[in-house]
Amino acid sequence: MMIRPFLYDFRRTITSKSVLILTGIILLISLAIIPLTAPVVSSFGGSSSPDILYTRDPGAYHFIVFSSDQYGQPVQGTEISLSLAGVRTYTNASTTNSEGYAFITLSAPNGTYSFAMNATRGGSTSSFGISYLFASPIGQPQFPTTDWISLVQDKANASKSDVRTFYAGLYGAKPSGYSIRYKVTATPPPPPYKDDSPYTAGQMDLLGNLTDYRQVFDPAIPSGLSETTRVYFELFAPNGTAVSGRQMFITDLRRQQFRPEATNVASFFFSTILSFFMPLASILGAYSSYGKDRLTGVLESVLARPISRRGLAISRFLSTLTALAVAAIASVGIVDLLLNQVLGSALPQYYALAIISGLVVEVAAFTGLIFLLSHLVKSTGVLLGISIVLFVVLDFFWGLIVFLLTLLLGGTSGSAVAVEATLVSYYANPAQFLQLINVYVFQSSSGFALQSSNYGVTLPAIILDGLLWAILPFLVFMYLAVRRD
Amino acid sequence: MFSAKQGPAISSVSFDVRNGEIVGFVGLNGAGKTTTIRIAVGVSLPTSGTVLIDGHDITQEKPEASKSIGWVPEIPNFEPNAKAWKLMRYLAGFYGMDGREATKESKELLASVGLSGFENRKFRTYSQGMKKRFALAASMLSNPQNFLFDEVLNGLDPEGIQFFRQLMMGQKKVNKAILLSSHILTEVENLADRVIFIHKGKIVKTTTRDELASYASKGTILRIQLQSVTDEAISYLKALGTVQLDGNAIILSNFQGDSAQVNSELVKRGFQVREIKHERTGLEEYFFDIIRGTDTAK
């Protein structure tokens with residue numbers, strides 16, 4: 001093969017308008033789509049409804065209402081109105097003080113009531129109502145609307161939550177001697193647990209001691225934990241007994257950035273965008289580098305030179321294939337760089353190589369098909385028409401064809417027959433070769449996990465299929481180019 | 001080279017072109033001239049037979065054989081959007097030239113065919129004459145021993161025709177072998193040492209320059225229509241050539257002079273001339289005689 005003509009044809013293909021435009025489109029789409037997959041940090045909302053607890057004595061209910069913002073900081077001036085509706089209705093109202101508290105007593109006898117609260121802050125009113133059996137032990141703090149422990153947004157870090165406690169001692173006294181402990185773990189011991197917690201006080205870390213009704217704590221949470229990590233909180237009484245425990249997931253406390261795997265984004269990108277554009281680029285590139293020249297007679301001016309028919313055919317095929325492969329590799333490289341930039345992780349080497357190999361197979365198959373078709377038709381118009389039909393059928397209507405075949409075979413959408421037919425059909429379509437690779441690499445198809453070998457998708461079968469698609473159209477083309485005018 | 005319906009485009013075509021010789025290849029349109037040349041150049045495949053270029057089979061040893069061939073087709077067809085000098089450089093690559101050599105050779109050849117100053121233009125912007133000149137330059141890339149010119153004088157202006165004629169004579173002088181095809185015999189009569197006639201895909205006659213010259217000397221044939229044909233008129237015309245009567249028309253063959261002079265002389269002598277029309281030349285008559293003879297023999 002002569003290097004200068006090869007380089008000329010290579011340059012001619014890679015700088016042809018169709019290849020340049022389609023490669024540009026691929027790059028533009030990568031630039032447009034991939035940054036959208038950047039991790040997004042969403043802030044915690046935090047609750048702005050007042051928290052309530054009460055204790056009772058034989059003749060009255062004593063409520064402590066705490067009004068706070070989303071950071072758990074006290075809000076003064078919130079108008080609180082409470083009512084207990086039973087045989088008769090008891091109401092009372094107050095306004096929160098500078099510490100955010102409102103202390104309201106309803107002189108109602110022990111009984112069953114519908115409880116309602118209206119809180120008006122800054123002109124807007126929130127209401128809350130519940131039917132509640134007010135038969136709690138005398139003096140014990142109760143929480144009709146909220147838990148003793150909840151989450152508030154950290155004031156300095158929107159992706160972080162703090163823990164806010166709201167608790168009272170007997171008869172509504174400020175808590176004293178109570179402590180809160182916590183434990184971060186990804187592998188808690190199996191239940192049953194004593195006191196709702198799998199851990200004893202000695203096994204947990206101290207978060208803090210309660211000295212007020214409302215307190216905010218910032219537990220130390222190591223970074224880089226998995227999403228399944230849990231945090232156990234336990235409230236211990238002054239005598240060391242566990243009062244109440246809660247467990248939370250790490251994602252509740254530290255909002256993990258949603259960081260998609262580069263491989264997942266890339267597999268989507270490759271099996272949709274590149275699978276669509278590379279066959280099109282191959283068809284147009286092969287048309288402009290060989291099909292058009294052959295059918296308009298331009299190739300004869302080259303064939304008259306000291307080169308054999310076989311040599312010219314191989315030179316044109318390899319130069320076209322190399323040019324398109326370079327465009328494909330450049331596209332994969334750009335996608336990899338962007339993913340690395342945006343998601344902070346590059347594609348695994350084996351996956352990048354698999355995709356590049358798959359793209360080379362696609363490019364070789366479509367190039368070979370267009371080259372051989374140009375020996376079977378008589379005009380550029382017919383060649384272009386057939387090429388476009390080929391592209392549309394293999395790229396757009398393949399799924400529909402397979403679906404109809406599935407129905408004919410007695411399968412239904414989503415059935416095992418349909419999945420098998422779809423996967424087997426990938427072997428018969430070079431435009432779906434990347435799908436085949438993705439099914440094998442990820443052991444899933446259309447988001448459903450599967451064992452690919454059960455459906456005939458194995459590495460040797462993929463390699464064999466790739467070799468056949470890369471070589472067979474080329475061999476038929478060579479036969480036609482050497483043996484026929 | 002044939003379709004199942006139409007049969008082979010050429011058969012029984014066998015001839016040689018020797019070094020230092022220009023051979024005319026003449027036939028009507030569709031006779032098989034271009035097909036023969038395309039097979040000889042290697043752009044078409046023969047179903048049987050052999051073409052040897054300086055001892056190399058164009059089918060079996062094409063690269064070697066093609067090095068010795070320069071082909072100028074009737075309608076040069078190169079990559080339309082390529083600039084002329086780049087195209088030349090590309091083609092030069094097939095002859096094993098490196099970049100510097102290819103550039104130098106391309107520029108020199110384009111200059112030699114009168115395309116200096118047009119090297120940076122795209123091929124598609126060239127006129128028909130310029131395209132032929134470009135094809136000529138491309139055909140000379142390897143300084144081949146053999147040239148095949150297919151209807152190269154078609155569509156050229158007088159300057160272009162003169163250029164190609166001089167070039168062919170120049171190549172002949174340096175011992176090159178040239179095959180020049182044409183469907184007009186008079187185009188090749190002054191150039192060719194031999195003329196090969198092809199008709200319906202078969203070679204029907206090969207003549208030498210001397211034989212051709214004798215027919216060329218037979219001059220033109222005039223068809224003269226007079227108001228009335230008289231012995232005096234026939235007597236006058238007999239002095240100018242061979243006279244035959246065709247109804248009211250006089251056919252004057254072997255005429256060597258100027259038809260306008262004949263007209264004025266007849267008028268001067270008191271004859272009313274209705275029309276004087278050029279029929280064929282002697283060479284053309286010879287050409288058609290050959291064709292007629294072939295068709296009758298069948």
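Reply: Happy to. Two strands count as paired if DSSP finds at least two bridges between them. Keep in mind that this is a predicted model.

Me: Good to know. In which sense do strands 12 and 13 of chain B pair?

Reply: Antiparallel: strand 12 (residues 242–246) and strand 13 (residues 249–255) of chain B are joined over five bridges. B:Leu245 sits opposite B:Ile250 of strand 13.

Me: And how many residues lie between those two strands in the hairpin?

Reply: Two residues lie between strand 12 and strand 13 of chain B. In that turn, B:Gly247 has a positive phi of about 65 degrees.

Me: Nice. What's the strand order in the six-stranded sheet of chain B?

Reply: The order is 6-7-8-3-9-10, in an open sheet with mixed pairing. Strand 6 (69–72) and strand 10 (202–208) of chain B are the edges, each pairing on one side only. On average, neighbouring strands of this sheet are turned by 15 degrees against each other, direction ignored.

Me: Strands 3 and 8 of chain B: parallel or antiparallel?

Reply: Parallel, over five bridges, between residues 22–26 and residues 177–182 of chain B. There, B:Val23 is opposite B:Leu179 of strand 8.

Me: Which strands do helices 5 and 6 of chain B lie across?

Reply: Helix 5 (residues 128–139) of chain B lies across strands 6 and 7 of chain B, at about 170 degrees to strand 6. Helix 6 (residues 158–173) of chain B lies across strands 3, 7 and 8 of chain B, running at about 150 degrees to strand 8.

Me: Switching to packing: which residues have the most contacts inside the largest nonpolar core?

Reply: They are A:Phe270, A:Phe477, B:Phe134, B:Phe149 and B:Met168, in a core of 152 residues. Helix 4 (residues 262–296) of chain A gives the most to this core, with 16 residues.

Me: What does A:Phe270 touch?

Reply: Leaving out residues up to four places away in sequence, its contacts include A:Val332, A:Leu347, A:Tyr351 and A:Leu434.

Me: Which helices supply at least two residues each of its lining?

Reply: Helix 1 (3–14) and helix 5 (298–303) of chain A, along with helix 3 (84–93) of chain B.

Technical notes
Residues are numbered from 1 along each chain as its sequence is written. Chains are lettered from A and ligands numbered from 1 in the order in which they are written. This is a predicted model: local features need pLDDT of at least 70, side-chain atom pairs count only at pLDDT 80 or more; totals for chains, interfaces and linings use all residues. Side-chain values use heavy atoms; hydrogens and water are left out. Helices (H or I, at least four residues) and strands (E, at least two) are DSSP runs, numbered from the N terminus. Axes are lines fitted to C-alpha atoms, for helices over the stretch in contact, and angles run from 0 to 180 degrees between N-to-C directions. Contact means heavy atoms within 4.5 Å. A nonpolar core is a set of buried Ala, Val, Leu, Ile, Met, Phe, Trp, Tyr and Cys residues joined through side-chain atoms within 4.5 Å. Buried means under 20% relative accessible area, exposed over 50%, partly exposed in between (1.4 Å probe, protein chains only).
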